[in-house]
Amino acid sequence: MQKRTAHQIADVLIEALPYIQRFKDKTIVVKFGGNAMVDEALKHSFARDIVLMKLVGLNPIVVHGGGPQIGQLLAKLGKTTGFIDGMRITDSETMDVVEMVLGGLVNKEIVNLINMHGGKAVGLTGKDGDFIRAKKLLLDSRDASNAPETQAPEIIDLGHVGEVASIDPAVLNMLGNSDFIPVIAPIGVGEDGHSYNINADLVAGKVAEVLKAEKLILLTNTAGILDKQQQLLTGLTLKDIDDLIADGTIAGGMIPKTRCATDALKGGVNSVHIIDGRVEHAVLLELFTDQGVGTLLLSRPR
């Protein structure tokens with residue numbers, strides 16, 4: 001790669017300056033997942049992005065997934081689990097593994113990576129400070145694409161799979177207003193005292209809503225939202241998203257991600273970014289450059 005000149009480096013910094021000024025003291029919630037979580041270079045790239053954000057005055061909060069890592073450990077233990085609409089059926093034994101992987105192995109690896117690069121990260125689950133209250137997620141068999149066939153519609157119990165009932169922002173506010181960077185595993189606790197595994201996109205969206213974050217950034221394994229010619233779309237409004245879902249442009253696994261994005265926008269988040277986590281320094285490129293590397297979603301046209 002050709003070495004950049006001092007003037008080229010200065011141009012990059014000057015391009016970033018207005019964005020740094022605009023987002024100073026703002027909360028940015030980043031959902032970390034996909035290839036960025038398993039590729040060594042991308043993991044270190046992500047950690048450096050988060051550290052730099054904090055150092056220039058932003059307040060990043062990381063929410064992470066860990067589905068592949070959970071699956072790998074379950075396979076080693078000889079335990080098989082089924083899925084309905086992409087959600088793992090989670091009995092008590094499986095939930096123990098989920099907590100071990102999400103709240104332990106994966107969470108602490110991310111914390112360690114951020115700290116290695118000069119940050120001060122603190123790992124949390126929703127059970128810490130009781131800040132994520134969960135409720136059991138129940139599916140109507142009529143809404144589930146691969147539910148077992150029954151003679152009559154029924155409610156499907158996925159076990160320890162939950163959704164967000166409420167979020168207490170006190171712990172996050174305390175950490176965000178200090179030098180610390182919260183790293184959140186998406187595990188909540190129900191009124192029954194049981195742990196529940198919650199989709200990381202949903203947790204990130206709800207955290208962003210409650211904190212009235214400036215931005216919610218969702219890392220994916222695609223370039224963003226693509227049109228039918230596979231060209232990247234950006235600057236989308238709520239109406240645009242509804243139209244793209246209606247005509248089939250947004251389909252499959254991108255639908256729940258965009259629904260999470262629209263819920264966050266309706267909940268007061270200023271903008272949502274669905275970006276390509278396979279690109280090194282994707283978060284910085286989206287935040288601090290004119291071009292960006294993904295799809296920008298807005299509640300209304302600018």
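Glutamine 230 is placed in the loop between strand β11 (215-220) and helix α7. In this predicted model, the phi angle of glutamine 230 is near 65°, a positive value in a residue other than glycine. With a relative accessibility of 54%, glutamine 230 counts as exposed, since the term applies to values over 50%. Another positive phi in a residue other than glycine, near 55°, occurs at aspartate 130. Aspartate 130 belongs to the loop between β5 (121-125) and β6 (132-140), and its relative accessible area of 34% makes it partly exposed.

Helix α7 comprises residues 238-246, and Leu238, Ile241, Leu244 and Ile245 are its buried residues. Viewed down the axis of α7, these buried residues fall within an arc of 125° and therefore line one face of the helix. On the other side of α7, Lys239 and Ala246 are exposed. The packing partners of the buried residues of α7 are α8 (254-266) and β13 (294-298). After α7 comes glycine 248, with a positive phi near 85°.

Glycine 78 follows α3 and has a positive phi, near 75°.

Helix α4 (residues 92-116) also packs with helix α2 (residues 40-55), at an angle of about 65° and with the two axes 8 Å apart. The crossing in which α2 passes α4 is right-handed. On the side of α2, the contact is made by Lys43, His44, Ala47, Ile50 and Val51, while α4 contributes Glu109, Leu113, Ile114 and Met116. Of the residues in this contact, six are nonpolar, one is polar and two are charged.

Charged side chains were considered next. Side chains of opposite charge can pair when their charged atoms come close. The structure holds 13 salt bridges. In one of them, lysine 127 pairs with glutamate 99, with the closest N and O atoms 3.2 Å apart. Because lysine 127 lies in the loop between β5 and β6 and glutamate 99 in helix α4, the pair ties together parts that are 28 residues apart in sequence. Lysine 127 is partly exposed at a relative accessible area of 37%, and glutamate 99 is partly exposed at 26%.

Glutamate 209 and lysine 206 also meet through their side chains in a salt bridge, at 3.8 Å from N to O. These two residues are three residues apart in helix α6 (residues 200-210), and so are separated by about one helical turn. Glutamate 209 counts as buried at 15% relative accessibility, whereas lysine 206 counts as partly exposed at 34%.

A further salt bridge joins arginine 278 to aspartate 276, whose closest N and O atoms are 2.8 Å apart. Arginine 278 is partly exposed, with a relative accessibility of 41%, but aspartate 276 is buried, with a relative accessible area of 8%. Finally, a network of salt bridges links Lys31, Asp201 and Lys257.

Notes:
Residues are numbered from 1 along each chain as its sequence is written. This is a predicted model: local features need pLDDT of at least 70, side-chain atom pairs count only at pLDDT 80 or more; totals for chains, interfaces and linings use all residues. Side-chain values use heavy atoms; hydrogens and water are left out. Axes are lines fitted to C-alpha atoms, for helices over the stretch in contact, and angles run from 0 to 180 degrees between N-to-C directions. Helices (H or I, at least four residues) and strands (E, at least two) are DSSP runs, numbered from the N terminus. A crossing is left-handed if the near helix is turned anticlockwise from the far one by less than a right angle, and right-handed if clockwise. Contact means heavy atoms within 4.5 Å. Ala, Val, Leu, Ile, Met, Phe, Trp, Tyr, Cys and Pro count as nonpolar, Asp, Glu, Lys and Arg as charged, and the others, Gly among them, as polar. Buried means under 20% relative accessible area, exposed over 50%, partly exposed in between (1.4 Å probe, protein chains only). The arc is that of the directions from the helix axis to the C-beta atoms. A salt bridge is a side-chain nitrogen of Lys or Arg within 4 Å of a carboxyl oxygen of Asp or Glu.
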